[in-house]
Amino acid sequence: MKKSCRRAIIAGNWKMNKTPKEAEELIRGILPLVKDADCEVICCVPYVDLPVALQLTNGSNVKVGSENCHWEKSGAYTGEISADMLASMEVPYVIIGHSERRTYFGETDVTVNKRIRAALDAGLSVIVCVGESLEQREQGITSELVSMQTKIALNGVSEEEMKRMIIAYEPLWAIGTGKTATSEQANEVCSVIRNTLKSLYGEKVSEGTTIQYGGSMKAKNAAELLAQPDVDGGLIGGASLKPDDFAAIVDAASKG
Ligand code: PGA
């Protein structure tokens, strides 16, 4: 299967930004600019913004995602949101294992796997993030590390469920730093991930799975990154908060 047969997906990750009122303004700004997109467009928003985002995107080509979910269905987990709660709101996507969750909130490969399991069981589609720190890159362990993160994340995920999995390669040193991986570096690691998928599930799944790059992707560098054979989309932080910038990346993916 060729790259052109895979779903190109541009997903915004708003992180801890935008009140519901600000979210309304941002979604209203994005919708007309991406309405003719020839790729999938997703906005992953803070929990409190989900109702307004779902309402405003209803009937449009923009899908909504959450930025995390817990692995238990319910219970004494103060401050957490379950995958079933998201599913009950008809939220179709969830980001799991973002490096900020891993760095600041004690997320591990094992808890990432548990959250993925819960999200898939609830019927959600998942964007799972993997990636190395600068220190790990300098140690020359990027490939092993990213491959291992991918394998642990997907432990127990079936071939059929892989249709609802998207992998985002996000080198930590490129997130929010303005320092983007070169298109060669991005492609090299995305291709390591694809080979890992091949070893786990075979060629059909590995060739059919969307692998995104994330880390300071913006209008200026999107086209070059997205032109790489193993880069099928982007997970966009900072640039997803500005309608013009986000739409320019969606445009680049539509042409790719
Ligand atoms: P950035 O964030 O585009 O601001 O670097 C990407 C991400 O963290 O998903």
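## Reading a ligand site and a ring pair

Me: A backbone N or O atom of Gly-238 sits 2.8 Å from an oxygen atom of the ligand. What counts as a polar contact?

Reply: A polar contact is a pair of N or O atoms within 3.5 Å; within protein, one must be able to donate a hydrogen and the other to accept it, and residues adjacent in sequence count only if both atoms are side-chain atoms. Ligand oxygen atoms also lie 2.7 Å from a backbone N or O atom of Ser-216 and 2.7 Å from a side-chain N or O atom of His-98. The protein covers 95% of the 280 Å² of accessible area that the ligand has on its own (Shrake-Rupley method, 1.4 Å probe).

Me: What should I know about the model itself?

Reply: This is a predicted model: local features need pLDDT of at least 70 and side-chain atom pairs pLDDT 80 or more, while totals for chains, interfaces and linings use all residues. Residues are numbered from 1 along each chain as its sequence is written, and side-chain values use heavy atoms, leaving out hydrogens and water.

Me: How many residues surround the ligand?

Reply: There are 13, with Lys-15 and Glu-170 among the closest; a residue is near if one of its heavy atoms lies within 4 Å.

Me: How are aromatic pairs described?

Reply: By the distance of the ring centres and the angle of the planes. Rings of Phe, Tyr and Trp (its six-membered ring) pair with centres within 6.5 Å; planes under 30 degrees apart are stacked, over 60 edge-to-face, the rest tilted. This structure holds two aromatic pairs. Tyr-104 and Phe-105 have ring centres 6.4 Å apart and planes at 85°, so they are edge-to-face.
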